[in-house]
Amino acid sequence: MTLTTILPSLRRSIPDPFVPDRWPAHTHLSTTDVIVDDVPMLRLVEQCGTPCVHSATAVIPGTGGCPSPVEQTSVVVMRVVAAAFDEDGHHLTLDACLSGAEACWSELRLIGRASTTHTVSFRIDSEAGTDQRALLPRDLAPGDLLAVPCRGEVTQAVGSASGFIQNGE
């Protein structure tokens with residue numbers, strides 16, 4: 001349990017902690033954004049819309065951030081289409097289908113705003129039928145942006161309701 005989990009109002013001044021081995025090298029966080037190689041993911045969304053992908057050098061696990069000479073990690077940014085609560089719990093529908101990507105759902109994070117509500121477990125509804133869960137702020141709403149790291153370079157197009165976007169293009 002982290003300090004921002006216990007006191008979510010702290011998210012306005014410090015970002016939630018992250019596992020650097022899961023994100024590309026040279027990734028850092030602000031309270032409202034993920035920055036990879038000096039590229040803010042919010043700026044990428046402004047340029048490309050959602051879903052969008054940014055691929056960069058991976059980190060060699062256990063080295064404290066040493067870049068890998070060969071491996072890649074991608075960050076996929078997607079928009080919340082629906083966030084609901086019913087008898088089965090909290091559900092999220094996203095504008096991306098990541099069935100072919102190795103997403104690290106435990107690192108999924110809200111970008112674009114700092115939420116001060118407690119986190120709850122959301123079930124991520126997927127076309128692939130996989131049952132993924134992630135801890136996210138309870139006040140997620142349609143239009144919110146989420147970023148998730150994916151192992152390897154996401155070279156296949158990320159499915160979108162409005163077409164396909166490949167590697168942020």
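Start by selecting Ser74 and Gly152: the backbone oxygen of Gly152 lies 3.1 Å from a polar atom of the Ser74 side chain. This is a predicted model, in which local features need pLDDT of at least 70, side-chain atom pairs count only at pLDDT 80 or more, and totals for chains, interfaces and linings use all residues. Residues are numbered from 1 along each chain as its sequence is written, and side-chain values use heavy atoms, with hydrogens and water left out.

**Around Ser74**

Is Ser74 buried or exposed? Its relative accessibility is 0%, so Ser74 counts as buried (buried is under 20% relative accessible area, exposed over 50%, partly exposed in between, with a 1.4 Å probe and protein chains only). Show its surroundings too: leaving out residues up to four places away in sequence, Ser74 touches, among others, Val53, His54, Val148, Pro149 and Cys150 (contact means heavy atoms within 4.5 Å).

**Along β5 and across to β6**

Now colour residues 67-86, strand β5, where Ser74 is found (strands are DSSP runs of E, at least two residues, and helices are runs of H or I, at least four, numbered from the N terminus). β5 forms a hairpin with β6, with two residues between them, and the two strands pair in the antiparallel sense over six bridges (pairing requires at least two DSSP bridges between two strands). For a spot check, click Phe85, which stands opposite His90 in β6.

Move on to β6 itself, residues 89-94: five of its six residues are buried. β6 also pairs with β9 (residues 119-125), here in the parallel sense over four bridges.

**The cores**

Next, select Met78, Leu108, Leu146 and Val148. Of the 22 residues in the largest nonpolar core, these touch the most other members (such a core is a set of buried Ala, Val, Leu, Ile, Met, Phe, Trp, Tyr and Cys residues joined through side-chain atoms within 4.5 Å). β5, β6, β9, β10 (132-137) and β11 (145-151) each supply at least two residues of this core. A second, separate core has 14 residues, including Trp23, Val34, Val36 and Val75.

**Helix α2**

Jump to residues 41-48, helix α2, where Met41, Leu44 and Val45 are buried. They sit on the same side of α2 because they cover an arc of only 100 degrees around the axis (taken from the directions from the helix axis to the C-beta atoms). Just after α2, Gly49 takes a positive phi of about 80 degrees.

An open sheet of three strands runs in the order β1-β2-β3, with antiparallel pairing. In β2, Ile35 is the bridge partner of His28.

Last, colour by pLDDT (the predictor's confidence in each residue, from 0 to 100). The chain mean is 85, and 88% of residues reach 70 or more. Over residues 160-169, though, the pLDDT is below 50. Where pLDDT is low, the predicted coordinates should not be read in detail.

Notes
Polar contact = N/O pair within 3.5 Å; in protein donor to acceptor, adjacent residues only side chain to side chain.
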